[in-house]
Amino acid sequence: MLMNETPVPPDSGVIPLLAAAELQDHLMTVTNDLERLQRLLDDAGEALSAHFYSASSQVQHLLRQSVEQAPETDNSALHKVMEDIAGAITALQFQDMATQLIAHTSQRLRNCADQLARDTFGDDEEGEAIVEIAPLRPNPVTQDEMDAGSIELF
């Protein structure tokens with residue numbers, strides 16, 4: 001225990017200063033990790049979208065060529081590829097919902113860390129500690145799985 005830390009009775013409901021500081025540090029670390037995860041998901045989503053749209057364009061071009069050059073040719077394999085690409089693009093729409101959930105969770109964790117800091121350390125010489133209001137909705141995303149025909153987009 002530090003010299004200037006006042007002993008806190010075990011059942012007082014007050015978090016010791018060092019424990020509060022450590023908890024706040026963990027909350028901020030998790031928040032930073034979530035923000036980094038969000039950037040990674042954004043980058044991956046953008047790259048995947050670009051590749052899927054490019055592949056879709058190429059397959060459509062091959063389908064048009066095939067129909068023009070040999071109308072009697074069975075193009076079912078190319079049509080199946082187009083269906084698979086469309087399914088992959090639909091799945092990417094869930095990346096946006098994951099991003100919303102990460103941002104919401106990050107905001108809630110930051111709010112907890114800020115409240116903990118304000119309640120534990122109080123205001124400083126610069127003035128009153130400011131804590132942003134926590135999100136009012138408990139969860140911005142209600143979808144938790146991706147089944148065919150069950151997509152509820154924004």
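## Ser66, a buried residue

Ser66 is buried in this predicted model. Its relative accessible area is 15%, and because buried means under 20%, Ser66 falls on that side of the cut-off. The residue lies in helix H1, which covers residues 17-69.

What does the side chain of Ser66 make a polar contact with? The partner is the side chain of Asn75, at 2.6 Å. Asn75 also turns up when we set aside the neighbours of Ser66 within four places in sequence: the residues in contact with Ser66 are then Pro71, Thr73 and Asn75.

## Helix H1 from end to end

Let us step back to the helix that holds Ser66. H1 has 53 residues, and from its first C-alpha to its last it reaches 77 Å. That is close to the 78 Å expected at 1.5 Å a residue.

Which residues of H1 are buried? They are Ala20, Gln24, Leu27, Thr31, Leu34, Gln38, Gly45, Ser56, Val59, Leu63 and Ser66. Helix H2 is included in what covers them.

Thr31 is another residue placed in helix H1. Its relative accessibility is 0%, so Thr31 counts as buried. Not counting residues up to four places away in sequence, Thr31 touches Ser106, Leu109 and Arg110.

Is Arg39 buried or partly exposed? Arg39 has its place in helix H1 too, but with a relative accessibility of 49% it counts as partly exposed. The reason is the cut-off: exposed means over 50% and buried means under 20%, so a value in between is called partly exposed. Along the chain, Arg39 and Thr99 are 60 residues apart, while their C-alpha atoms are separated by 8.8 Å.

## Helix H2 and what follows

Now for the helix that takes part in covering the buried residues of H1. H2 runs over residues 76-121, 46 residues in total. How far does H2 reach from its first C-alpha to its last? The answer is 67 Å, close to the 68 Å expected at 1.5 Å a residue.

After H2 comes Gly122. The phi of Gly122 is positive, near 70°.

## How confident is the prediction?

The protein has an average pLDDT of 81, and 82% of the residues score at least 70. Where does pLDDT stay under 50? This happens over residues 148-154, for which the model has 12 contacts beyond four places in sequence.

Conventions: Residues numbered from 1 in each chain as written. Predicted model: local features only at pLDDT ≥ 70, side-chain atom pairs only at ≥ 80, totals over all residues. Heavy atoms only, no water. Helix = DSSP H or I, 4+ residues; strand = E, 2+ residues; numbered from the N terminus. Buried < 20%, exposed > 50% of the residue type's maximum accessible area, 1.4 Å probe, protein only. Polar contact = N/O pair within 3.5 Å; in protein donor to acceptor, adjacent residues only side chain to side chain. Contact = heavy atoms within 4.5 Å. pLDDT = per-residue confidence, 0-100. Expected span 1.5 Å × (residues − 1).
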